[in-house]
Structures are given as structure tokens and as C-alpha cells.
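Let's walk through this structure together, a few residues and strands at a time. Have the model open beside you as you read.

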Amino acid sequence: MLVNATEMLNKARDGHYAVGHFNINNLEWTKAILQTAQEMNSPVILGVSEGAAKYMTGFKTVAAMVQSMIESMNITVPVALHLDHGSYEGAKACIEAGFSSIMFDGSHYDIEENLAKTTELTQLAHSKGISIEAEVGSIGGEEDGVMGAGEIADPAECKKIADLGIDFLAAGIGNIHGKYPANWKGLDFEALERIHEATGGIPLVLHGGTGIPTEMIQKAISLGVAKINVNTECQLAFAEATRKYVEAGKDLEGKGFDPRKLLAPGTEAIKATVREKIELFGSAGKA
């Protein structure tokens with residue numbers, strides 16, 4: 001069964017490791033991530049953007065698919081189904097659809113509106129036993145059409161949001177979505193340390209986990225990061241493996257590709273990526 005992410009992230013914070021959040025886009029991606037987490041005895045968070053949910057015909061479809069797969073695959077590790085960068089309306093819809101965790105991204109509002117909407121959604125989520133992530137300081141890059149400039153979050157504003165009773169907090173520290181450019185300055189660890197101190201040790205979330213050097217990941221975990229999001233790296237691995245399969249001309253028997261065979265190399269590439277990240281984040285064997 002699905003669980004909310006509060007307990008797994010509190011354990012990660014206290015144990016000085018991080019739980020991987022991997023975005024899903026279809027059945028194959030979901031199956032690959034669940035299989036790998038089970039094999040490595042690691043808790044896992046399945047992230048769903050609003051765009052991905054729309055592609056999969058809606059939040060209810062996603063929740064039903066994940067619930068059924070957990071049961072049919074006999075998945076016993078803790079699994080949270082989490083809305084990624086959710087809008088106010090999207091967060092409410094996920095609560096009703098059966099998600100076990102939500103993120104409300106109010107970073108593009110002024111702080112007072114962010115506080116007001118986060119307060120309402122925190123109360124609603126907790127009344128249903130659902131965990132909630134909030135955000136202060138927009139994350140750089142693009143996520144579902146929303147552009148962020150990679151802001152550094154204000155520790156005082158982070159404290160205000162954390163004091164609302166949210167379960168974990170995404171705070172901008174120079175991280176971005178997508179591939180990091182060659183001139184990226186790196187994570188602002190001084191800002192992360194100030195945020196960690198100001199928020200009283202609440203589990204922190206690092207978005208844009210693709211391509212961040214190992215030593216930065218490890219230092220971020222030491223400063224309170226307990227959840228790390230990975231999406232682009234899985235997308236790139238899936239696309240490259242699929243491209244090679246297609247270019248090799250396999251399975252062309254006058255009737256086109258068998259979709260199960262076509263998606264298999266990309267699925268294996270996702271498994272390899274998830275396995276690598278679980279090892280890096282230190283969550284293997286922590287379920």
C-alpha cells in the first residue's frame with residue numbers, strides 16, 4: 001500500500017541519507033522504479049507532474065495504476081505517490097484522487113499568498129493523512145512550462161513556511177531543473193546551512209538532482225537534505241537506449257516494432273539510473 005512520505009524522510013534526515021524521488025510518465029517507468037526499489041530494499045517516492053498526469057489521463061488513473069502495481073508486484077518497501085510542483089488546484093485534486101503525498105509550489109506567489117495557500121493545503125492534506133511539501137525560492141530551469149531563475153531562498157521566509165506544519169521543504173539554493181550548464185556556479189551551501197538552522201531541522205528537498213556532483217550531493221545530505229528529485233537523467237537514459245534500439249533495426253519483421261520490445265531497453269536504462277541514485281543517496285537497505 002501507499003504511505004505518506006513523512007516517516008521515510010524523517011528517518012532519512014536522522015540517518016543522514018536521502019530518499020530518491022523519481023518521476024513517472026507511464027506504466028513502464030513506474031514498473032522499473034518499483035522493481036529497482038524493491039530489489040535494493042529502499043523506500044522510494046514516485047513523482048508525478050501535472051503534465052505527466054494529464055498524459056496518463058488524470059490523477060485518478062495514476063493512483064489506481066500505482067496502487068494496483070504495488071499489489072500485483074508484491075512491493076513491500078515504502079512507496080509514496082507524490083504530486084511534483086503542484087498548483088493549488090492540482091494539489092486538491094491529488095488529495096481527492098488518492099495520492100499519499102503532495103507538493104504545493106507557491107514559490108511564484110508573494111510570500112503572504114504562499115503562506116495562505118500552503119496553510120489551507122497543509123490542513124487539508126493532514127486531515128487525510130497525506131504529507132505535504134512546500135517551496136520557497138523558485139528552482140531554476142523549466143518544469144511543466146513554469147520557468148524558474150534559480151533563486152536563493154530567504155531563510156526567514158523558509159522558517160515562516162516550515163512553521164505552518166508542512167512535512168518537508170524545497171528551498172532554492174542555486175539548483176535547476178534539467179541539465180546543468182558548463183558555467184553553473186554550484187549549490188550555495190552557506191544558504192542551505194542557514195535554511196537548515198532556520199527551519200529547525202525539517203527534512204529538506206533538493207530538486208534538479210540530475211548531474212549534481214557526488215561530493216555536492218553528500219554535503220547537501222549532511223546539511224539536512226532528505227529527498228532528492230531525479231527526472232531528466234531518467235529521461236535521457238530512456239531516450240538514448242530507445243534510440244540505439246531503433247537505429248539497430250531490431251524486430252523489424254515487416255510489421256513494425258513490438259512495443260514491449262521497443263520499450264525494454266529504455267526501461268532497463270531507467271533501472272540502472274535508479275539503482276545508481278539509490279546507492280549514491282545511501283537509501284539502499286533502509287526500507
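Thr 242 counts as buried because its relative accessibility is 15%, where buried means under 20% relative accessible area, exposed over 50% and partly exposed in between (1.4 Å probe, protein chains only). Its place is in helix α10, residues 232-247; helices (H or I, at least four residues) and strands (E, at least two) are DSSP runs numbered from the N terminus. Setting aside neighbours within four places in sequence, Thr 242 is in contact with Leu 262 and Gly 266, contact being heavy atoms within 4.5 Å.

A word on the source: this is a predicted model, in which local features need pLDDT of at least 70 and side-chain atom pairs count only at pLDDT 80 or more, while totals for chains, interfaces and linings use all residues. Residues are numbered from 1 along each chain as its sequence is written, and side-chain values use heavy atoms, with hydrogens and water left out.

Now turn to strand β3, residues 79-83, where five of five residues are buried. In a regular strand the side chains alternate between the two faces of the sheet. Here Val 79, Leu 81 and Leu 83 lie on one side, Ala 80 and His 82 on the other, and all are buried. Strand β2 (residues 44-48) pairs with β3 in the parallel sense over five bridges; pairing requires at least two DSSP bridges between two strands. Val 44 has Val 79 as its bridge partner in β3.

Finally, find Asn 23 in strand β1, residues 19-23. Asn 23 counts as buried because its relative accessibility is 4%. Asn 23 and Ser 49 are 26 residues apart in sequence, and their C-alpha atoms are 7.5 Å apart.
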